[in-house]
Amino acid sequence: WNEIIELFRAGMPLRKHRCRFKSYERCFKASEAVDCLHELLGSNQNFGPEVTRNQTVKLLKKFLKNHVIEDIKGRWGKEDFQDDGHLYRFPPSSPLKPYPKKLSCGKEVIKFPDWNEPKAGTSQEHIPVKSVVMNSEMWYKRHSIAIGEVPACKLVFRRELTQTNVEEIWKSMTLSRLQKVLGLDSLDEVLDTKLVNSKHIVQNAYNVNKQGIVTLEDKSKELPHWILSAMKCLANWPSCSDLKQPTYSGFERDVFKTIVDYFGQMKEPLLTFHFFDVFVSVLGLLQKHSKAVEALQISCLLLPPENRKRLQLLVRMMARISFNKDLPPLSESVRTRTLMVQAFSRCILCSKDEMDLDELLAAKLVSFLMDNYQEILSVPSTLKSSIEERVVHLQRVQIKYAGADTDATFPPPSFCHQISTDEFEYQRATGSQEPLAALLEEIAMNKEISLKDKKKKLKQFQKSYPEVYRVRFPTPESEAVLFPEKPKEKPPILMWALKKPFQPFHRTRSFRM
């Protein structure tokens, strides 16, 4: 503080200026003060060339508030300094802050000066001040005497973050949180992080309407108007604003079939092939409701914006149809909720290999998604707040102490670290087996499906995941417990079976006497 004030007072040119037909000696314009102080700070070792002009103006506001400078009418005490043509001058009193002085005898106790109560008969204006050339090293020594040993520090002015920097911060912290929620040591076993688009995350977080639905920048990727009208018709049945009321029976089934056909012809599911393993990993968390919701929140944030919007509209329609008692049945044999899962689960989640087991995985995930869609398809507020705080922190001026190369307040996030080959193989073998084992157990214990369907599903599972199946059913006897043999009924005994069999008549030769 004192060093900069002394350099500023010594280096600021003072001359005569006119203002409103009056001349003022030894003063300067506000813009001239900004030019001079900005140059001094840029060449000072404690600040450097990263100091901006706006930061210089803020320092001059502090100077005006603390009576380092005053306007030409002697006014000070407010931070109303602006980078303009107003005239200012240095006050006659010293603006330097006094330092505590070390006593000559080192054995005596150091006494601190009374900062608030000056001696009687003296004032700050009449204190003689000896001109001292104060540098940072001298200030450090004196300051250490007053408050104890202090590590060397300096202000670090951060550069402005670009949009690309902000997007990378979003990606890094989002993946870091996803890894923690899933309980994985690395995301490499379920996701190629290089294929995650940071722009998609930011767009999904900020480009939303009042209902939380994503708004697309490219309008060509929007759903066709006729599909939106059909979805609104069923979601808001019977109060539909886009279409007139139907005049024939079965109208609602025709509309539903149109929607199913549109989503069924998509080449890739809404959750994409790339994120299939991520969403399958969430299946192991369904028993922990809050963890599963947060994991799906973050995972859905990684989707392309057009996929996320279609998912939001589709799942919302599915949920409303399932709970709409005024809507006529869309099927004679299947309940409406079950019909929703069967009709749309494959267009929401499936793998590129098209295994038979995908239908079971998708049905389980889609059911959970329908029950919690409002929370899952919203932007996670806690994650968003922490990322925004991180961005603001990186843009703020920091005090950096000697020997501290990193920021202790916010450690840099990392979502992966190097592990050994053996550990990686173990994680790959066990990490993805937990949700599959839970799915196998659900199939085995499900009493609502017939024994024939259960055998079929278990055969599909055994073919796709033999290792997981072998752990659950190590012997044929353990598998046979699920299918107890029915006691064989003995055929009824017929009455005619008790009689002697029919004997054909045999002619005998007669002997005459």
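I started with the overall count: the protein has 21 helices and six strands, where helices (H or I, at least four residues) and strands (E, at least two) are DSSP runs numbered from the N terminus. I am working on a predicted model, in which local features need pLDDT of at least 70 and side-chain atom pairs count only at pLDDT 80 or more, while totals for chains, interfaces and linings use all residues. Residues are numbered from 1 along each chain as its sequence is written, and side-chain values use heavy atoms, with hydrogens and water left out.

**Whole chain**

I looked up burial next. Of the 513 residues in the protein, 37% are buried; buried means under 20% relative accessible area, exposed over 50%, and partly exposed in between (1.4 Å probe, protein chains only). I then checked contacts, meaning heavy atoms within 4.5 Å. Among contacts with a separation of 6 or more, 67% are between residues 24 or more positions apart.

The cut-offs I use: under 35 degrees is roughly parallel, over 145 roughly antiparallel, 65 to 115 roughly perpendicular, and the rest oblique.

The handedness rule is that the near helix is turned from the far one by less than a right angle, anticlockwise for left-handed and clockwise for right-handed.

Which residues of helix 7 meet helix 8? From helix 7 I listed Trp-226, Ile-227, Ala-230, Met-231, Cys-233 and Leu-234. Facing them in helix 8 are Phe-251, Glu-252, Val-255, Phe-256, Thr-258, Ile-259, Tyr-262 and Phe-263. By class, the contact of helix 7 with helix 8 has twelve nonpolar residues, one polar and one charged. For the classes, Ala, Val, Leu, Ile, Met, Phe, Trp, Tyr, Cys and Pro count as nonpolar, Asp, Glu, Lys and Arg as charged, and the others, Gly among them, as polar.

**Helix 11 against helix 12**

I moved on to helix 11 (residues 305-323) and helix 12 (residues 336-348), which pack at about 165° with axes 9 Å apart. That makes helix 11 roughly antiparallel to helix 12. The crossing of helix 11 and helix 12 is right-handed.

Helix 11 brings Leu-311, Leu-314, Val-315, Met-317, Met-318, Ile-321 and Ser-322 to the contact, and helix 12 brings Thr-336, Arg-337, Met-340, Phe-344, Cys-347 and Ile-348. I sorted the residues of this contact of helix 11 with helix 12 into ten nonpolar, two polar and one charged.

I picked Ala-343 in helix 12. Is Ala-343 buried, exposed or partly exposed? With a relative accessible area of 25%, Ala-343 is partly exposed. Leaving aside neighbours within four places in sequence, Ala-343 is in contact with Phe-256 and Val-260. I also noted Gly-264, 79 residues from Ala-343 in sequence but 8.5 Å away in space, C-alpha to C-alpha.

Ser-331 sits in the loop between helix 11 and helix 12, and at 19% relative accessibility Ser-331 counts as buried. I found its side chain reaching two backbone nitrogens: that of Ser-333 at 3.4 Å and that of Val-334 at 3.4 Å. Beyond four places in sequence, Ser-331 is in contact with Arg-253 and Leu-339.

**Positive phi**

Arg-26 has a phi near 45°. Arg-26 belongs to strand 2 (residues 23-29) and, at 59% relative accessibility, counts as exposed.

His-67 has a phi of about 65° and lies in the loop between helix 3 (53-65) and strand 3 (70-71). His-67 is buried, at 17% relative accessible area. Its side chain makes a polar contact with the side chain of Trp-76 at 3.3 Å. A polar contact is a pair of N or O atoms within 3.5 Å; within protein, one must be able to donate a hydrogen and the other to accept it, and residues adjacent in sequence count only if both atoms are side-chain atoms.

**Leu-195**

My last entry is Leu-195, in the loop between helix 5 (163-182) and helix 6 (198-206). Leu-195 counts as exposed at 54% relative accessibility.

Definitions and conventions: Axes fitted to C-alpha atoms, helices over the stretch in contact; angles between N-to-C directions.
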